[in-house]
Amino acid sequence: MFSWRRLQENSLFLFPSVILTLVLGIYPLLWMLRFMFYDYPGYGDELFVGLDNFERLARDSEFWKSVQNTFVFAAGKLLITIPLSLLLAVLLNKSFRGRNLLRAVYFMPTIISTAVISVVFYIIFNSYNGMVNQLLMKYHLIDQPVPWLGPKYAMLTVILVAAWGAVGNYMLLFLAGLQSIPQDLYESASIDGANAVQRFRYITIPMLGPIMQIIIMLAIIASLKGYESIMVMTDGGPIGKTEVMYLYLYKLLFPVPTGPPVEQQLGYGSAVGFATAIIVGLITAIYYFMTKKMNKVF
Amino acid sequence: MLKKWFSLSLSVVLAVVLTACGSNNAESSKEPATASTSSEAPSASASASASAEKKVIKYWTDDRHDQEYIKELISQFNSSNPDNIEVELTVLSENFNQSVDIAFSSNQAPDVLRLKSANTELFYKKGYLTPLDDYLTGENEGMKTKFSTGIIDNVNRFGGKLYSLPNTGLTLRLVYNKDLFEKAGITSPPVSLQEMVDAAKKITEAGKKDGIYGFALNFKNPKSAFDRSVREILSLSGHQGLGFDLKTGKFDFAPYARVIEYFKQMYDDGSILPGAETLDIDPLRAQFAAGKIGMYLSFSTEPGVYKDQFPTDINWGGAIAPSIDGTQLGTSEIVSAGTWLGINEKSENKDAAWKFMAYMYGDDIQTTYHEKGFGIAIVPSIAAKAKNPDIKGMEGFLVGKSDSLWPVSPTITPEGLNYGDAFFKYMISGGDLQKITDDLNTRYNAALTAAVAKGDVNVTALPDFDPSKLQAK
């Protein structure tokens, strides 16, 4: 039932977050929405160009390649991360000695700086004296060093590194989900003669449905937006093979001059930012629509 | 109910007021210089205390290699200048340009800024810099003569006004491992690109079993790699090094493409260090210091790097880079020259800032700066009297008769791949080089035309430009 008092209280509690959202979220967003229609290098006059930035976006083959790379990167990362983190969560949900230690170890990558870890992986995977190649050559598994960060394997390498960094995080979320499943369901299934695989298939998976839907959605968004480790390891190279859309966007907005000056492209960058947000939003919405059934616990 | 609602509202109002007070305090503490100047001005007239007259100016730089020496100079200036000026030094890192942008947008910008070729034009366009012409009169008239050869349009002079003065520059050289050359039976550094390709092949053949390769560059950022290599080869061969044709005032990447063919040959020969596709400059230097790379091309910062950052026992040296066909039709371009310090247009202490700047540009300091090896002096009167820096390998990088400043190419933002990425793509995956070159010419010239139309860039063709007449010494 409607109550003025309740509305007032609610408004009061919402006030700080609404103000923060307005100032730090909506206000910059409105500027971005405006800049999309301008040519603006960060100084001087803003030149209104209408839909020019979007026409450029449509013919910008480098951007569309980066979108394609983003899908490959996200799909690869999800295919490794989700099953592996679920498996680890199920194993670490059992009680055995050292369980908490292992949970901490698997969660560790989540709390370590991505930049630091990526530099370490860059050293591990480099072609000329990287540890991976040295190890493989020592055991005569390869004759020549493999160019892990070369055009052929760079995407695979950055996917592996990204998956390594993400598994612990999703494992923890799955663990939280698993612990919310009542134990008596498993007990009665065991009495009825269900084996471990059957219990997993018919109890764990359906009961995890709603939380799994959210975890996968978060993982999809994170994979589509991820670029930090790629920036450190390959900077989108070689020859654009690991250029993902958020890295492409970052370079437009924050170019790092290595010699002669390079101008910011705030106008075109805003258009690209808008397009990337639409792409991520669309994919998330489609996923959410297609997985509505997961939200129902039987 | 009303009472409760009132007390809650009151709490919110109090919280907001307290926050507002807090932010005021924070702001005032961030600007002690401004606050103290305004509040102490009346008392200064009364007591004429020395501290009230003190002018604090801020100097921001992203140079780290010389910071101990700069600190020493600033401390000397602070204790000895008669005008009671105190300079505060802030050393920033790679995010210098962004930090400066933020500082200007929040009115907290430094009074004096370190200017480099990568930021001067943008800072000028953003209105950050004050012209120095008015300061170069009267007793400072002599400075005009001292720096006259280093005053260049679109480097330190924009729209007819001067915004910085030269100190040092960077020369570009072929950096090579003498032992590996000798081991491969090569007696001298290459003078043509074909010789460079052959030398890289021989060094690789002689050393591959030990992980030694003939050539490398920091191809993780292809533009950075080419801007320290192809640029030098082109300018020595008589072409502007960033693909701009000074005679026509348009971009023409045809000479660039000729150089890339030889780079591709080295890649196809397997003479380039494996993994160079994602090599940064520091890992490259580490491998060179470990004796795994025959040669690469880079700036005169390298001797300092091998002295402090990657100390090495290998026998290495710097030599004039090869030209396309072995004939030097031009000079090796001295880069990052022409600018050092500049003054903030919005500074309230411009005169004090200029006094500090004039102190830094004094003959003694510029001479010592060169002698300590922090940069290579390009001001003729300083270069003539300064002793050579005592740093191993520096002798190969000193300004000689093959080096000179060049007119600059315009700053434009083309659509699509930059020339570095486009040519590197060809280098490692092939394609139609003519088509790539034509595409680059089209896109770069379209961006140039748009920039000229917008008034961002002025281009004057120099039909009589003769690269052989550019001489430094």
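A nonpolar core is a set of buried Ala, Val, Leu, Ile, Met, Phe, Trp, Tyr and Cys residues joined through C-beta atoms within 7 Å. Please keep in mind that this is a predicted model.

**Chain B overall**
- Chain B has 19 helices and 16 strands.
- Buried residues make up 44% of the 473 residues of chain B.
- Taking contacts in chain B between residues at least 6 apart in sequence, 77% join residues at least 24 apart.

**The nonpolar cores**
- The largest nonpolar core holds 112 residues, and among those with the most contacts inside it are Val112(B), Tyr296(B), Phe356(B) and Phe423(B).
- Helix α12 (residues 254-269) of chain B gives this core its largest share, seven residues.
- Domain 1 (54-169 + 337-391) and domain 2 (172-333 + 406-469) of chain B each contribute at least three residues to this core.
- Leaving aside residues up to four places away in sequence, Tyr296(B) touches Val175(B), Phe215(B), Ala216(B), Leu217(B), Leu284(B) and Phe288(B).
- A second, separate core has 51 residues, including Tyr40(A), Leu88(A), Tyr227(A) and Leu247(A).

**Where chain B meets chain A**
- In chain B, 37 residues are in contact with 31 residues of chain A.
- On the side of chain B that touches chain A, at least two residues come from each of α1 (2-30), α6 (120-125), α10 (222-227) and α18 (419-429) of chain B.
- The largest share of that side, four residues, belongs to α18(B).
- Sorted by class, the side of chain B that touches chain A has 12 nonpolar, 13 polar and 12 charged residues.

Key: Residues numbered from 1 in each chain as written. Chains lettered and ligands numbered in written order. Predicted model: local features only at pLDDT ≥ 70, side-chain atom pairs only at ≥ 80, totals over all residues. Buried ≥ 20, exposed ≤ 12 C-beta atoms within 10 Å, placed from the backbone. Contact = placed C-beta atoms within 7 Å. Nonpolar A, V, L, I, M, F, W, Y, C, P; charged D, E, K, R; others polar. Domains from an automatic or database assignment.
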